[in-house]
Amino acid sequence: MANVYKIGCMPGDGIGAEVIESAVAVLRACETKCGDFKLEFTDLPYGTAYYKQTGAYLPPDGLDTIRKFDAILFGAVGMPDVPDSVSLWGLLLAMRGPLQQYANLRPVKCLKSIVPAVRTAKPEDIDWVLVRENSEGEYAGQGGRSHRGFDWEVATELAIFTRHGARRILRYAFEIAQARPRKLLTVVSKSNAQRYGMVMWDEVALEVSKEFPDVKWDKMLVDAMTVRMVHKPETLDTIVGSNLHMDILSDLAAALAASIGIAPSANIDPTRQSPSMFEPVHGSAFDIMGKGIANPFGAVWSAAMMLDFLGEAKAGKMIMDAMDSCCEIGQTTGDLGGSLNTAQVTEALIKAING
Ligand code: GGG
């Protein structure tokens, strides 16, 4: 009997709807081609339009609804007429924390025939997995403001690091590094300037490293890491860091590998008690919304990660191969040098899947 997976489909805002439509069409093609699993999609309407109608990004029972799915496919959040901090905390961060999706995986590599943005790098030099702490740190949502509007206004934004939180993400990153051929991990922090949380982070990395004697690892300050990614990309493989640091480094990494439009991510609950959530790294890009030109690769690659996570690795690879073959023959959107629109790229991917 075929495995059946219940997928909650949450396009969200802006180009989210366009890229998720593409990802679902590609998943459907894969499902038909493989014939040994089934995907049951349920549309979840949460996003800024829902917020404007109801006053909340998620209904009171929203998380309970979400918990019933095997995985969530998410598009993007954010519109110009709602403050970004309201939309991000109303939807995306409101899910990642309670669902204990404490690991955010962001693989980056140059797809076939894609040339890195830096002239000195070879395409094969960029093949990384970025592991982002996804539940605390600088995005703990703690702090406050007093004396609003006065010159002496004070705003605090606390970065909260727990030993438990650092240990579980560092252990997860060491496991990922151990499973990759080069067994190489770089731990990013800023423990010269941030002398409490980041110093503890480095100490925990040293402790956890002892469980993985076969993984070669080193430490980098986040500022120096940006330089190493540009000038010595071949020295990197798996990279782990805090919520904010890896949010920034993963955009840089995607740009180095050609375009933020290709970047996928997986918000994982490694304990599998809650559904994991798969989303392109890019945001809602409302400046190009409705034009039909968004690159669907970030969402499609995220869908491939979802299949992998669900145990359908063969189908996930089919999608990756289809993206490679489209890139090889230039069937891409403008950001990757091609001239196709979103629907045409989707068609090309489906054609590649159908062989
Ligand atoms: N597709 C993801 C999305 O909408 N991202 C918007 C954003 O700003 N995300 C910040 C984050 O991933 O923490």
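A nonpolar core is a set of buried Ala, Val, Leu, Ile, Met, Phe, Trp, Tyr and Cys residues joined through C-beta atoms within 7 Å. A residue counts as buried if 20 or more other C-beta atoms lie within 10 Å of its own, as exposed if 12 or fewer do, and as partly exposed in between, the C-beta atoms being placed from the backbone. The model is predicted, and local features need pLDDT of at least 70, side-chain atom pairs count only at pLDDT 80 or more, and totals for chains, interfaces and linings use all residues. Numbering starts from 1 along each chain as its sequence is written.

The largest nonpolar core holds 107 residues, and Leu73, Val300 and Ala303 have the most contacts inside it. Helix α9 (residues 297-310) gives the most to this core, contributing 9 residues. At least three core residues come from each of domain 1 (1-100 + 271-355) and domain 2 (115-257). In general, nonpolar side chains tend to be buried together in soluble globular proteins. Contact here means that the C-beta atoms of two residues, placed from the backbone, lie within 7 Å. Leaving aside residues up to four places away in sequence, leucine 73 touches Ile7, Cys9, Met10, Ile20, Ala23, Phe278, Ala303 and Met306.

The domain bounds come from an automatic or database domain assignment. Domain 1 is made of two segments, 1-100 + 271-355, and domain 2 covers 115-257. Their C-alpha centres are 25 Å apart. Between them, 6 residues of domain 1 are in contact with 7 residues of domain 2. On the domain 1 side, the touching residues are 3 nonpolar, 2 polar and 1 charged; Ala, Val, Leu, Ile, Met, Phe, Trp, Tyr, Cys and Pro count as nonpolar, Asp, Glu, Lys and Arg as charged, and the others, Gly among them, as polar.

Next comes the sheet. Helices (H or I, at least four residues) and strands (E, at least two) are DSSP runs numbered from the N terminus, and two strands pair if DSSP finds at least two bridges between them. An open sheet of 10 strands runs in the order β2-β1-β3-β12-β11-β4-β5-β10-β8-β9, with mixed pairing. From one strand to the next the twist averages 25 degrees, where axes are lines fitted to C-alpha atoms, for helices over the stretch in contact, and angles run from 0 to 180 degrees between N-to-C directions.

Strand β4 (residues 103-109) is joined to β11 (residues 264-268) by 3 bridges in the antiparallel sense, with alanine 103 opposite isoleucine 268. Helix α1 (residues 16-34) packs on the sheet, touching β1 (3-12), β2, β3 (71-76) and β12 (276-280), and its direction makes about 145 degrees with that of β3. Helix α5 (residues 163-179) also packs on the sheet; its contacts are with β4, β5, β8 (184-189) and β10, and its direction makes about 165 degrees with that of β5.

Strand β5 (residues 127-133) has 6 of its 7 residues buried. It pairs antiparallel with β4 over 7 bridges, where asparagine 104 is partnered by arginine 132. With β10 (residues 238-241), β5 pairs in the parallel sense over 4 bridges, and leucine 130 has isoleucine 239 as its bridge partner.

Which residues other than glycine have a positive phi? Serine 113, in the loop between β4 and β5, has a phi near 70 degrees. Lysine 183, in the loop between α5 and β8, has a phi of about 50 degrees. Serine 113 is partly exposed because 16 other C-beta atoms lie within 10 Å; lysine 183 is partly exposed, with 16 other C-beta atoms within 10 Å.
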